[in-house]
Each structure stands twice: as C-alpha cells, then as structure tokens.
There are 2 protein chains.
Amino acid sequence: MNHKMGSDKPDILVIGAGAIGSFYGAILKRAGCAVSVVLRSGYDVVKAAGFRFTSPLGDLSWTPDQVYQPGDTPVQIPDYVLLCVKVLPGEDRAELVRPWLGEDTGLVLIENGLDIERELADAFPGNPLVSCLAFIAVSRTGPGTVKHQAYGQLVMGNFPMGFDQHCEQLATLFREGGIDINGTDAVVGERWRKCVWNTPFNPLSVLANGADTLTMLDAPGGEALLRLLMEEVIAVAEADGYPMPADIIEKNMSGTRAMGAYKNSMALDYLNDRPIELDAILGNVVTIADRLKVPVPHLRTVLVTLRIRQG
Amino acid sequence: MNHKMGSDKPDILVIGAGAIGSFYGAILKRAGCAVSVVLRSGYDVVKAAGFRFTSPLGDLSWTPDQVYQPGDTPVQIPDYVLLCVKVLPGEDRAELVRPWLGEDTGLVLIENGLDIERELADAFPGNPLVSCLAFIAVSRTGPGTVKHQAYGQLVMGNFPMGFDQHCEQLATLFREGGIDINGTDAVVGERWRKCVWNTPFNPLSVLANGADTLTMLDAPGGEALLRLLMEEVIAVAEADGYPMPADIIEKNMSGTRAMGAYKNSMALDYLNDRPIELDAILGNVVTIADRLKVPVPHLRTVLVTLRIRQG
C-alpha cells in the first residue's frame, strides 16, 4: 500500500462527494486518514472552504487533502477509493473509477440497491471490493454544506462474500472516526434484507407522487399490497440463496408504523426532480427474479409503470 | 306511457347533460322526441340558448323542452330517463334519479365501466333498465357548447340480459336520429369486451401521468405488461360467464397501434384535473375477481397504487 509519509493510515479518495461521500470522508479524516475527493459540482466552494457540517456527532467540517475534478491526474494513487455516486443507467461507474485506481487499491462501495457491485467486480477483478450499506439520514443543503441528522451505521463486507483484512482495516478506521460498523461475511444477504423494505416502499411512493409511508399503508388495500410486494422480494432473495427471517415483514411493518409518516429517499429524489435509482432498487430484483423463474407480478407492474413514466 | 299530446314519441329526460348526455339528447330530439334536461352546471346558458354543437352529422344544436336543476319538480314524468353522469364514489346515482322517475319510466344508462348498473337495478327493481355503452369522441367546450368529433354508436341491451320492447323502441329512435345501434342480449359481455382495453390502458395511463398509447406500448416491458393486464381481465370475464374471443388481445394491440398515439378519456380527465372513474373501470373488476377467486396481481397493483395517490 502507498502509505503517506509519516502516517500509518491509508490514503482515501472519495468519488462522488455528495452528502454520503463527504460524510464518510469526514469520518475517515477524523480517524486520521488523508482524504481527497473528486467532485462534479461544488468544486470551487469545496476547494476554497472544504465541507461545512452540522451533525449530532460534533463538528465534522473538514478540508480534503486534494480536491479533484474528473479528468484531473491523481497526485497519489489512493489505498482506498470510496465510490458514493448514485447508481443510474447513464452512469458508467467503472469508467468513473478507472483513472483513480491502482493495482492494489481497495474499492469501497457505499451505495444502495441490489447487485450493484457486479459491474465493478467484472471491471476490476484484481482489486479488493468492499460493499457497504449506509443507514443514515444526511442531506446536502448547498455546495459544500451538509446536514447530518441522525445515524451513520455501515453494514460492510466483501462482495460477493467474506470479510477480509481490508474490511477489518476500514471497520477499525470508521469506528475510530465515531460510527458503528456491522461487519458481515454475507453482504448480499444484507442487501436483500434492506431491499425487503426499500424495493416495495421506495418505487411505490414515487408512483404515488411522493406519498409518505402512512399514506401508503392506510390507503384502501395499501398495506396488503406492500405485504405482497415484500413477499415477492423475499421469494426472490430465497431463490438467490438468501432466505430472510420469518418475521421480517411483521418487523418491517411495525417499525414503519412506529416511525410515523416518513418520506423515503427515493420519494424525496422524485419530489426534487432528481433521478431515482430504479434499477438498483427494483429493476435488478425483477431481473434476478426472471432469471430464477420467480413470479413477481406486483413488482413488475410497479417497475414497468415507472419505466413508462420515464419514457 | 305519458306521451305528449300530438306526439307518439316518448318523452325523454336527460340527467347529467354534459357532452355525452347532450349529444344523445340531440339525437332523440332529432328523432322527434320531447327532450328535457337536468343540469348542474351551465343552467343559465342552456336555459337561454340551448346546446350549440359542432358535429360531422350536421347541425345538432337544440333547445331542451324543459331545463331543470336538481331539486326542481318535473312538469311531466318522462317515459325514459337517460342517465349520463360519471360513475364516481361520491355520487349516489339512485338518489340523483329518484325524483324524476315514474313507476314505468325506463332508465337508460349511457355510462362506462363494469357492474355500474347494479345499484340502480337494486334501487328501482320495477323499472325497465337499459344499459348502453357509447363509442364516441365528443367533448364539452364550454357551458352549453359541445364538440362532436367522430362516431356515436351505442351498444345497447337490458341489464342483466335481454333486449326488450324498450330497447327496440329506443334503438329505432336513435337510428332515426342518425346513429348506429348495436343491439345485444348480453350487454354485460359487451362491457367486459370494452374493459379488455379500457381496464388496462386507462388506469395505467393515469399512473404514467397521462401517457399516450404508444408511449405505454413502447416503454421497456410496456406491451408485455398491458398484455398481462388484458389476460387478467379476460380471466375474470370468463369466470363471470363471459368468455372473450381468442384473438381479442391481438386485435386490441393491432388496432391500438394502427390508431397511432392516443390519449384515452381517463388520461384526459386526469390531465384536466377531473375525477376519474376508477371503480367503474378497474375497482369493480378487482372486486369481481376477488369474489370469483381469480388472481389479478397486476390489476390490483395498478388499482391500489391509484388509491394511494388519491388518498
């Protein structure tokens, strides 16, 4: 590894330093790493003044060691690249990452959805690949300014399975920086588990024009439909080799009701005219279902209707 | 029957004289009937100047014999009431009709959807009940002004079955007035046949924010989803005792493609902020499916999603 002189901490490069990327960059900075960023928007502001945070964790504001734009030449090959961009059809994430990756650079995905690792595993078969799911409420409020509201835990493991020394090192650093890490040697199963909630609730809320959770549950037939959608996700997960706990639907339902009316991140993306991660959250589930011959009529209806709407 | 003095033609009262009601009123007026109307909007204009039409059938403009508002007392009990209001949850059509109906008055429904006759058959079991489906392109352009663009054929029969002397009389009058009547003794089957197209296309176009037919068919998975929705409608129709022709899906698809991009009436209602006939077109189909234990996962997803959106 290319450690910086005078430090035994790895060098980090965050690609896609929006709310998520700048938050986890801040945590690793706090753990003592050199952390640089590649930005597409807000470059001038971040170059001049770094990231300004409000957070219950204290002052997370930080200044990157290097601020790059796409096309720049890296000063140093990083030990880890954190990829935190949205997973969208127009976005070739392998090409986005390629210029910044050394032979041994660990690739760390902090992204939502299912089967989102494959294109990077295929493009960079020799690089360590760490897959993370973020449980966090954080949003970008302007160029270089971020509001961290709550949580921050990462579920982490290697793709497609395992928990190697790179995971160990990163988990230690994130913990030193102040967040919880839930290590797993079956990260794909954890993605399925999260999809049991996200895959039904997120796209359906977009079809319902940004409806909140309780509006969805309390409409005539709403809770029943959400349960049917969850059952389909669980059936696909099981066929894919990841059986879900028997009580997962009941726990999801009681947890959702306990939380009160809530607009999920995809509903907010939709309401703010931002692209939605439809394939990562739903399209890939239907693709896997079709491959494994699991019927998913309710999921398919939601998917195709959203595709018609995008067309 | 209470025929007007000097005429052997029946007296007609149109309730809900929007585009559809004022068009078929015009046809019966042209056939020599006395035709009165009950109006909720445009009363003053119609009272002063009647209905102004543009139509390929010639000048259909006409002046009603009586112009009523809800709550008025009828001058004469009509031989036939034509009910042409939208079928909406907040609308008690039996109560709307009750003050105007004599013991022998024939009740003629010119309305869309499936199983929309039952509440009237239950409320007025002694009155003849004629059920019609309109195949017409007509729209209200302002108070008392109507644009008839094309077609006008009615499919007509008694509910729940048969074709009695009231149907015969009405069919003759409508034909004299210049439109085609397709008489049937199985009008419910004709409603199912129309639903094979309307039930998939109309609500899905609303979910897709008013998408036209070709946008829906050409989106990835769009035609396949529309076929699945049609197959479900056909399965429910068959379980209800109305098997559909084997080639109905292919004919619907080729006919739809031949027509070019087209926004259906429910899409237009949605885009113009008017209420949509969701239960008449889709909700009743799912209710019948549940009663007959026919699985309709794709239809149910569309229905519940629209209900969430309305909630």
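Start by selecting Leu107(B) in this predicted model. Setting aside neighbours within four places in sequence, show what Leu107(B) is in contact with: Val81(B), Leu83(B), Val97(B) and Leu101(B) are among them.

Leu107(B) belongs to the largest nonpolar core, which has 134 residues. Which residues have the most contacts inside this core? They are Leu107(A), Trp192(A), Leu107(B) and Trp192(B), so select those four next.

**Where the chains meet**

Colour chain A and chain B separately and look at where they touch. Here 25 residues of chain B are in contact with 25 residues of chain A. Together the two chains bury about 2000 Å² between them, and 76% of that is on carbon and sulfur atoms. How many salt bridges are there between chain B and chain A? The count is 0. What you can look for instead is polar contact: 4 residue pairs make one across the interface, both partners being at pLDDT 80 or more.

Stay with chain B and pick out the pieces that face chain A. Helix 6 (187-207), helix 7 (213-218), helix 8 (222-239) and helix 12 (297-310) of chain B each give at least two residues to the side that touches chain A. If you colour the chain B side by residue type, you'll get 14 nonpolar, 8 polar and 3 charged residues.

**A histidine in a strand**

Hop over to chain A and select His148(A), which sits in strand 8 (residues 145-158). Is His148(A) buried or exposed? Its relative accessibility is 3%, so His148(A) counts as buried.

The side chain of His148(A) makes a polar contact with the side chain of Ser55(A), at 2.8 Å. A polar atom of the His148(A) side chain also lies 3.3 Å from the backbone oxygen of Ala150(A). Beyond its neighbours within four places in sequence, His148(A) is in contact with residues including Phe23(A), Thr54(A), Pro56(A), Leu57(A) and Leu60(A). Ile136(A), Ala137(A) and Val138(A) are also among its contacts.

**Two cis peptide bonds**

Follow chain A on to Phe159(A) and Pro160(A). The peptide bond joining them is cis, with omega about 0 degrees. Pro160(A) is in the loop between strand 8 and helix 5 (165-177) of chain A.

Next, select Phe159(B) and Pro160(B). The peptide bond from Phe159(B) to Pro160(B) is cis too, with omega near 0 degrees. Look for Pro160(B) in the loop between strand 8 (145-158) and helix 5 (165-177) of chain B.

**Two aspartates with positive phi**

For the last stops, select Asp273(A) in the loop between helix 10 (265-271) and helix 11 (278-292) of chain A. Its phi is positive, about 60 degrees, although Asp273(A) is not a glycine. With a relative accessibility of 75%, Asp273(A) counts as exposed.

Finish on Asp115(B), in the loop between strand 6 (106-110) and helix 4 (118-123) of chain B. Phi of Asp115(B) is positive as well, near 60 degrees, in a residue other than glycine. Asp115(B) has a relative accessible area of 21%, so it is partly exposed.

Note on methods. Residues are numbered from 1 along each chain as its sequence is written. Chains are lettered from A and ligands numbered from 1 in the order in which they are written. This is a predicted model: local features need pLDDT of at least 70, side-chain atom pairs count only at pLDDT 80 or more; totals for chains, interfaces and linings use all residues. Side-chain values use heavy atoms; hydrogens and water are left out. Contact means heavy atoms within 4.5 Å. Buried area is the accessible area (1.4 Å probe) that two parts lose on being put together, summed over both. A salt bridge is a side-chain nitrogen of Lys or Arg within 4 Å of a carboxyl oxygen of Asp or Glu. A polar contact is a pair of N or O atoms within 3.5 Å; within protein, one must be able to donate a hydrogen and the other to accept it, and residues adjacent in sequence count only if both atoms are side-chain atoms. Helices (H or I, at least four residues) and strands (E, at least two) are DSSP runs, numbered from the N terminus. Ala, Val, Leu, Ile, Met, Phe, Trp, Tyr, Cys and Pro count as nonpolar, Asp, Glu, Lys and Arg as charged, and the others, Gly among them, as polar. A nonpolar core is a set of buried Ala, Val, Leu, Ile, Met, Phe, Trp, Tyr and Cys residues joined through side-chain atoms within 4.5 Å. Buried means under 20% relative accessible area, exposed over 50%, partly exposed in between (1.4 Å probe, protein chains only).
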